[in-house]
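Visitor: Could you show me how to read helix packing?
Guide: Happy to; let's have the model up first.

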Amino acid sequence: MDDSFVIEADRLTKRYSERVVAVNQLTMGVRAGEVYGFLGPNGSGKTTTLRMLLGLIQPTAGRATVLGASPGSPDGLARIGAMIESPAFYPFLTGRDNLRVAAGHARVPESRIAAALDRVDLTVRGEDRFQTYSQGMKQRLGVAAALLKDPELLILDEPTNGLDPAGVAEMRDLIRELGRGGRAVLVSSHIMTEIEHVSDRVGIIRRGSLVAEGTLDELRGRDEIKIRAEPVDRVHQVVAGLRGIDHIALSDGWIRVSAKPGLTPAITAALVNDGVAVSEVRIERASLEDVFLNLTRNTEDAA
């Protein structure tokens, strides 16, 4: 993954009045070649942030650069594909004709339309009117329009809104696919499981403020591993000699180990190789939902 940032926001703020602050001193960064999940409840400031990054609205304070340019600059917009809120198309035009209109606005050749429809699995329905599309097909056509520029950066705002479970799964697979090959994808959602499935890194926003940012492992923290094995004293000796171990304790017949994420196979292998009789191993790992609820609860308590 490239360490260069395609989006850098520094203390971005959008204030509509003394009492209404939609985004409050938000600092975040999106790297090239990653899927960045922007997670927060409805009304938390996600869409306002995306609109500022695209130059659709001006911040009250702070600054941002997108693909090395100011938000909304022609040079930057030419390399960005975006779908903000629900996609808007002409209902009486076909999907293909709507993309012809979008291609004209984006000043890209119509020869890209076929590939965009194929990418979102809409080739068969491309000649049907937009008004006949299901909600999932409408969302996919919005993504197709965003892909017409073959963008370096793709910004998708709540792309799974209104989709049934099958549509959600299809959109999830599409986002993962679009994040391959060097393109950066910034996807916002209030659905934690969707962000957890597609993201390389996550930023959590609450009431306009970014309360956490990092990889899923970084946000989840340490793994809590429960082991049943004999002899217990030998388990302590073997595990204590491994790197990445924070704490070992015996509780309710379990040997509880707090460890760096991903160490469970190494711990199990070390015990077996040492002749320890391992009967059971369990991992208790915080979900993104646990992390989100803890962070937002702590933020509210501090306020």
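This is a predicted model: local features need pLDDT of at least 70, side-chain atom pairs count only at pLDDT 80 or more; totals for chains, interfaces and linings use all residues.

Guide: Residues are numbered from 1 along each chain as its sequence is written, and side-chain values use heavy atoms, leaving out hydrogens and water.

Visitor: What describes two packed helices?
Guide: The angle between their axes and the distance between the axes. Axes here are lines fitted to C-alpha atoms, for helices over the stretch in contact, and angles run from 0 to 180 degrees between N-to-C directions. Helices are DSSP runs (H or I, at least four residues), numbered from the N terminus.

Visitor: At what angle do α5 and α6 cross?
Guide: Roughly 15°, with the axes coming within 11 Å. The two are therefore roughly parallel to each other (angles under 35 degrees count as such). Gln 139, Arg 140, Val 143 and Leu 147 of α5 make the contact with Glu 170, Met 171, Leu 174 and Leu 178 of α6 (contact means heavy atoms within 4.5 Å).

Visitor: Is α5 enclosed or open?
Guide: Largely enclosed by the rest of the structure, because 10 of its 13 residues are buried (under 20% relative accessible area, 1.4 Å probe, protein chains only). Among them are Gly 136, Met 137 and Leu 141.

Visitor: And which residues of α9 meet α10?
Guide: Val 235, Val 238 and Val 239 in α9 touch Ile 267, Ala 270 and Leu 271 in α10. Those helices pack at about 130°, axes 10 Å apart.

Notes
Buried means under 20% relative accessible area, exposed over 50%, partly exposed in between (1.4 Å probe, protein chains only). Angles under 35 degrees count as roughly parallel, over 145 as roughly antiparallel, 65 to 115 as roughly perpendicular and the rest as oblique.
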